[in-house]
Amino acid sequence: MKFTALNRISSFVLLACTLTLVLSCKRPVDEIEVLSETPLREAYAPFFKIGAAFAVGEYGTDFRTKYASDILNEYNSITPENCMKPDQIQGVKGQFRWTYADRIVNWAKANGKVVRGHTLVWHSQSPSWMTEGGEAAARANMKTHIETILARYDETEIYAWDVLNEAISDDASGSHRTSSPWYIAYGDSSYVRDAFSFARQANPNLQLFYNDYNVATSLTKRNAIKAMIEEHNLVEDNLIDGIGFQAHWGITYPSPSEIAETIDLFADMGLKIHITELDITCNASERDLLEARYDEIFAVFREKADKIDSVTFWGIADDYTWLDNFKGFKNYPFLIDTKHERKQAYYTVRDAAL
Ligand code: G3I
């Protein structure tokens, strides 16, 4: 018995010495206290908004109950992950489901967050009736959809919208997504201009964005997006305000220079930049590489902060990410881990802004 007690005492002394040593290597206590209370949104306030994709019950996931308030308080911008998509908000013609969209808007108001609307016109998650019956019917359906939603939420409730999502093809052609039901219904890409015109007419006080993926990773795609904007005179006719880079990136792609060049390309067109769906595909063996990757990405974002208004993560913590299904393996894409603990990558990104 005596021997075991001695063991316990010696291990306690060893632990105490270790802890003292470790803490002595960290910042002084008062700085730790200050830093530990500084959320990302506060650290990045001089640079840009920090957001996350939220779900409030559609598909059964509710971030308001899934994460503690201090985690949700890291952000000052919210994008609804699914509840404002065409099939969620008007799945049946004339039947608008406001439940979840109202929840996001009301929660944001009550918690001092802004909302990015996502998304008004998309080839995916859109009910087939919207684009049936020929061009005139499709145009009328798009106009009614956009006008009804923008009549319900004004610019103080949803300040910016992904008006059009993913209208450019993924292939090497750099052409329009001709497989889009909107392209097929119209017979050409003129639905692109309609989407922005209807939104601008419905509320000229909104910020209107075109949103897409692989914008920074594909020269062909970003040149095709530029060409589409020019083809439909969206900038000249003041129909668009910015570009959303979804930013579903990897540990090694795109490079910091590709990110910087892409930001400059669209900023030089007079467009605002929103990083709209940031996550880093990262499997279990790559987890140690995530901190350096986020460090280099946010160094570019801070350098280009005069052109970037908002950076939104497409999720909050590693326990919930679309990447797991999409990639077919567990991903660890965020600054917060599966147990809702802040990773070292979180502190590296946050402290670099202080
Ligand atoms: O959770 C339900 C499950 O209970 C139900 O049995 C099942 C039946 O289909 O649906 C499940 O919901 C799924 C939902 O994700 C939550 O996991 C939906 O099927 C699935 O369609 C939905 O996928 C969404 C995806 O868009 C659809 O394209 C993802 O949540 C969402 O993160 C993802 O987001 C898109 C952006 O809107 C646009 N950019 C790309 C990004 C990733 O695809």
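How far does a polar side-chain atom of H118 lie from an oxygen atom of the ligand?

A: That distance is 2.8 Å, well worth a look in your viewer. Before we go on, a word on the ground rules: this is a predicted model, where local features need pLDDT of at least 70, side-chain atom pairs count only at pLDDT 80 or more, and totals for chains, interfaces and linings use all residues. Residues are numbered from 1 along each chain as its sequence is written, and side-chain values use heavy atoms, with hydrogens and water left out.

The side chain of N82 has an N or O atom 2.9 Å from an oxygen of the ligand. Q246 goes for a ligand nitrogen, with a polar side-chain atom 3.1 Å away. On its own, the ligand has 790 Å² of accessible area, and the protein covers 57% of that (Shrake-Rupley method, 1.4 Å probe; for residues, only the protein chains shown count as cover).

Now the neighbours. Around the ligand there are 15 residues, and E81, K85, H118, E277 and W314 come nearest (near: a heavy atom within 4 Å). By type, this shell splits into five nonpolar, six polar and four charged residues (Ala, Val, Leu, Ile, Met, Phe, Trp, Tyr, Cys and Pro are nonpolar; Asp, Glu, Lys and Arg are charged; the others, Gly among them, are polar).

Back to H118, where the backbone has something to show too. The peptide bond from H118 to T119 is cis, with omega near -5°. T119 belongs to strand β3, residues 114-122 (strands are DSSP runs of E, at least two residues, and helices are runs of H or I, at least four, numbered from the N terminus).

A247 is in the loop between β6 (242-245) and β7. A247 isn't a glycine, yet its phi is positive, about 65°. A247 counts as buried because its relative accessibility is 3% (buried is under 20%, exposed over 50%, partly exposed in between; 1.4 Å probe, protein chains only). Further along, Y253 and P254 are joined by a cis peptide bond with omega about -10°. P254 lies in the loop from β7 (248-250) to α12 (256-267).

Notes
Polar contact = N/O pair within 3.5 Å; in protein donor to acceptor, adjacent residues only side chain to side chain.
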